[in-house]
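Please keep the sequence and the structure in view while going through the numbered points.

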There are 2 protein chains.
Amino acid sequence: VNSYIEKLSVSSKRCGSNLCIGLDPDLSRIPHDFLPHSAPEDRLVAFCNTIVDLTRPFAAAYKPNVAFFEALGAPAFSAFDSVVKHIGGTTPVIADAKRGDIGNTGRQYRIAFFDAFGVDALTVNPWMGMDTLEPYLDAPGKAIYVLVLTSNPGSADFMRADEDTTASAALKLTRALHERNKSSETHIGMVVGATKPALLPPFLEAHTDASLLIPGFGAQGGDADAVINLLATHHGLPLLNVSRDILYPVNPDGHWKDNVVNAASIWSKKLLVSHGH
Amino acid sequence: VNSYIEKLSVSSKRCGSNLCIGLDPDLSRIPHDFLPHSAPEDRLVAFCNTIVDLTRPFAAAYKPNVAFFEALGAPAFSAFDSVVKHIGGTTPVIADAKRGDIGNTGRQYRIAFFDAFGVDALTVNPWMGMDTLEPYLDAPGKAIYVLVLTSNPGSADFMRADEDTTASAALKLTRALHERNKSSETHIGMVVGATKPALLPPFLEAHTDASLLIPGFGAQGGDADAVINLLATHHGLPLLNVSRDILYPVNPDGHWKDNVVNAASIWSKKLLVSHGH
């Protein structure tokens, strides 16, 4: 077994869930009374670290969204580094950075995320071709999650031509990922959206052992029960991601920290795929 | 006229060239005797700033490749910020970051590059769909260069199915960009590769006024004369990019700084598209 999958499996069993918590730290949504006089980068880091402290019992993995750090400008990656270090070594960290570039540039992204920040996994954009994945594929303890089919309306433009995905770029890609994964030291997983579960079966059948990263629950309206039913017969170890509904729960009662804990607890119970992992 | 195009036009006339210099600062290729005792981030910034000082008379634009900064880890974006500031206000700066994500995440990338770093243009990856471009399109002084057709072998996987690109995703994308550009405040340009000039005409005809960013000269072997001939009848203001051949010229004679100046001077003269811009 790939050692990334092993680490993820241990973490998932520990919390009894397939919940991945997406860290999208939006300065305009952080509670106003939380460190109001601190610098933006310090508020952002402290907010993420507080979320992590509150939600550790419920999260199989964390997925910091690099864009929300980059919006800080110059301090972006020291802030990102602080949060990754705070999460620590036992819960897998997936950098949601959606990188993709030719070989000599791809190697720099690999150095950045796998070596300098030491995250466990990276989301990768395959538009420029299968050769752009190669720089990431010799890292036994790591994974990439390749963008196969996302939840936004624009996923119809290039990933899938229409609801019939059988001739789509996304399905061609899925088959190529499954094939390449057989000889890859790095696990090759996939990002697939949750908002249209009916589209998923051909992808699950084409890459039978992929770890799936499935965003779209909560604010984006993905149907958890439908997706969980589909996953029951898939061999990969899935992660179902919730970001905004846990970080910024809409609940006028109670302190925001209690609301975060409640939201994480509810989603953690709800997003459990029971097929023996 | 879009004010980005105006700024680029002034800069291009000033140096009499369409040369864009790509800043790919690779620590393993920076001359060993250049600040050997400094921290990696300081060496990297000083090297880029030296390249900029040496090549200002020859460059219509600079294209820092964000990946090479990210490889620094935590200090990545303060280093990037320093180099962007050093280039200053009159020569356009294109952040080669190839970002692409759904709306609320795309907005963070837009804030990072257009607002926090204040670059003039950003390369953007369209795989997730046309809606992912929207966050960048209300910035009158800015441009995006969308990845349409790259030079690497993998460009055959999803961008173009084969040498006949008439039914390709890349050409469909080009038509959509041309249409969207008519009502966009931000200029919508395109990245197209130089290594196969014969593939370019349908793209030039489908987006007639796009500023083109054309990598692939020098180390990647693009045919400059063939590309320049094709561009003579296109209405966009093109940038032809050289990175490694200027930053790391292979020439055992002379000091490396002289070699950089010579290489920039030669490429600057060679990469001039004469169609009245």
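1. Salt bridges. Over all chains, the structure, which is a predicted model, holds 20 salt bridges. One pair joins the side chains of Asp138(A) and Arg110(A), with a distance of 2.3 Å from N to O. Asp138(A) is found in the loop between β4 and β5 of chain A, while Arg110(A) belongs to helix α5 of chain A, so this pair ties together parts that are 28 residues apart in sequence. As background, side chains of opposite charge can pair when their charged atoms come close.

2. Salt bridges between the chains. How many salt bridges are counted between chain A and chain B? The count is 4. Lys98(A) forms a salt bridge with Asp101(B), and the closest N and O atoms of this pair are 2.9 Å apart.

3. Extent of the interface. The size of an interface is often given as the accessible area lost when the parts come together. Between chain A and chain B, the buried area is about 4,300 Å², and carbon and sulfur atoms give 59% of it. Within chain A, the residues that lose the most area to chain B are Trp127(A), Met128(A) and Phe158(A), which together make up 19% of what that side buries. In terms of contacts, 52 residues of chain A touch 52 residues of chain B.

4. Make-up of the interface. Between chain A and chain B there are 23 residue pairs in polar contact, counting pairs with both residues at pLDDT 80 or more. The elements of chain A that give two or more residues to the side touching chain B are the helices α3 (66–70), α4 (76–87), α5 (103–116) and α6 (169–181), together with the strands β3 (94–99) and β5 (143–149). Which element gives the most to this side? It is α5(A), with 8 residues. Sorted by class, the side of chain A that touches chain B has 26 nonpolar, 15 polar and 11 charged residues.

5. The sheet of chain A. Strands of a sheet pair through backbone hydrogen bonds, either parallel or antiparallel. In chain A, 8 strands form an open sheet with parallel pairing, in the order β2-β1-β8-β7-β6-β5-β4-β3. Each of the edge strands, β2 (61–64) and β3 of chain A, has a single partner strand, so one side of each is left without a neighbour in the sheet. On average, neighbouring strands of this sheet are turned by 30° against each other, direction ignored. The parallel strands β3(A) and β4 (residues 121–124) of chain A are joined by 3 bridges, and Ala95(A) has Leu122(A) in β4(A) as its bridge partner.

6. The sheet of chain B. Chain B also holds an open sheet of 8 strands, paired in parallel and ordered β2-β1-β8-β7-β6-β5-β4-β3. Why is one side of β2 (61–64) and of β3 (94–99) of chain B left without a neighbour in the sheet? These strands stand at the edges, each with a single partner strand. Strand β4 (residues 121–124) of chain B pairs with strand β5 (residues 143–149) of chain B in the parallel sense over 4 bridges; Leu122(B) has Ile144(B) in β5(B) as its bridge partner.

7. A helix across the sheet strands. Helix α6 (residues 169–181) of chain B lies across β5 and β6 (187–192) of chain B. Relative to β5(B), this helix runs at about 160°.

Methods: Residues numbered from 1 in each chain as written. Chains lettered and ligands numbered in written order. Predicted model: local features only at pLDDT ≥ 70, side-chain atom pairs only at ≥ 80, totals over all residues. Heavy atoms only, no water. Contact = heavy atoms within 4.5 Å. Buried area = accessible area lost by both parts, 1.4 Å probe. Polar contact = N/O pair within 3.5 Å; in protein donor to acceptor, adjacent residues only side chain to side chain. Nonpolar A, V, L, I, M, F, W, Y, C, P; charged D, E, K, R; others polar. Pairing = 2+ DSSP bridges. Axes fitted to C-alpha atoms, helices over the stretch in contact; angles between N-to-C directions.
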